[in-house]
Amino acid sequence: MFLHSISGKTSRWIAIATVCVALPAIAATALKTDAAKSSVTITFKQLNVPVDAKFKKFNAQISYDSAKPETSKANVDIDIASFDLGDPEYNQEVMKKEWFNAAQFPKASFVSSQIKAGAAGKLDVTGKLTIKGKTTDVSFPLTVKKDGANQVFEGVLPIKRLTYAIGDGEWKDTSMVADEVTIKFRVVAAQ
């Protein structure tokens, strides 16, 4: 009823004002990732000894606005076949069905659903992590630093490997390979 009582000219100005107010909310800037300076690594324990590995290929798409972090978004796709334990034989083993099943699930991904200002100058990131076809909700703190013309995004995301069926069959036994895995990432990006 109220909208009908507004003249046509006034309602157009309201529509224009609404669009102008909404535009800054989608103004996060798309950044280009510097793959040579960026990394995704994991740490897990085998027989209680820490083991580090890395993913050599991944693609991070980040739109970021430091003034309005809530308008920011991040999507990361990781090439599972690029996983490197430092030994070609081990690398081949973890591509098998019991572990990553890379033939059926060649990519892991993270898609943010919310990024907001957090404590101690960090951002709180929430989103969906998909590994081996299993998707879960995750959240983690993220630091963002300026480095010249670059933005550096760093974070740590602890997960449980069995949640994603990484290590089926006899490998479900966590006395050999611990369930806890820490994903660490450093993404260097610029406009």
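Student: In which strand is Thr135 found, and is Thr135 buried or exposed, or partly exposed?
Tutor: This is a predicted model, and in it Thr135 is found in strand β9. The cut-offs place buried residues under 20% relative accessible area and exposed ones over 50%. Thr135 has a relative accessible area of 41%, so the residue is classed as partly exposed.

Student: What distance separates the C-alpha atoms of Thr135 and Ala108?
Tutor: Thr135 and Ala108 are 27 residues apart along the chain. In the model, the separation of their C-alpha atoms is 9.6 Å.

Student: Thr43 is another threonine in a strand; is Thr43 buried or exposed, and which side chain does a polar contact join to that of Thr43?
Tutor: Thr43 has its place in strand β2, which covers residues 39-46. Its relative accessible area is 17%, and buried means under 20%, so Thr43 is buried. Not counting residues up to four places away in sequence, Thr43 touches Pro50, Val51, Asp52, Glu180, Val181, Thr182 and Lys184. The side-chain polar contact, with a length of 2.6 Å, is made with Asp52.

Student: Which residues lie nearest the centre of the largest pocket, and which strand gives the most to its lining?
Tutor: The largest pocket has a volume of about 900 Å³, and its lining consists of 44 residues. By class, that lining has 36 nonpolar, four polar and four charged residues. Nearest the centre lie Ile42, Phe55, Phe83, Phe100 and Val181. With six residues, the strand that gives the most to the lining is β11, residues 177-190.

Student: How is the ring pair of Phe55 and Phe83 classed?
Tutor: A search of the whole structure finds seven aromatic pairs. In the pair of Phe55 and Phe83, the ring centres are 4.9 Å apart and the planes stand at 50 degrees, so the class is tilted.

Student: How many residues apart in sequence are the parts that this pair of Phe55 and Phe83 ties together?
Tutor: Phe55 and Phe83 are both buried, and ring pairs link Phe55, Phe83 and Phe100 into a cluster. Because Phe55 lies in strand β3 (residues 49-55) and Phe83 in strand β6 (residues 83-84), the distance in sequence between the parts tied together is 28 residues.

Student: How is the pair of Phe140 and Phe185 classed, and which strands hold these two residues?
Tutor: The ring centres of Phe140 and Phe185 are 5.5 Å apart with planes at 80 degrees, so the pair is edge-to-face. Both Phe140 and Phe185 are buried. The pair ties together parts 45 residues apart in sequence, because Phe140 lies in strand β9 (residues 134-147) and Phe185 in strand β11.

Student: For the protein chain, what percentage of contacts between residues at least 6 apart in sequence join residues at least 24 apart?
Tutor: The protein chain has three helices and eleven strands, in the order α-α-β-β-β-β-β-β-α-β-β-β-β-β. Of its 191 residues, 36% count as buried. Among contacts between residues at least 6 apart in sequence, the share joining residues at least 24 apart is 57%.

Terms used: Residues numbered from 1 in each chain as written. Predicted model: local features only at pLDDT ≥ 70, side-chain atom pairs only at ≥ 80, totals over all residues. Heavy atoms only, no water. 1 Å grid on protein atoms, 1.4 Å probe; cavity = no way out; pocket = protein on both sides within 12 Å on 5 of 7 lines; lining within 4 Å. Points joined across faces, edges and corners; volume = space filled by probe spheres on them. Helix = DSSP H or I, 4+ residues; strand = E, 2+ residues; numbered from the N terminus. Nonpolar A, V, L, I, M, F, W, Y, C, P; charged D, E, K, R; others polar. Phe/Tyr/Trp six-rings, centres within 6.5 Å; stacked < 30°, edge-to-face > 60°. Buried < 20%, exposed > 50% of the residue type's maximum accessible area, 1.4 Å probe, protein only. Polar contact = N/O pair within 3.5 Å; in protein donor to acceptor, adjacent residues only side chain to side chain. Contact = heavy atoms within 4.5 Å.
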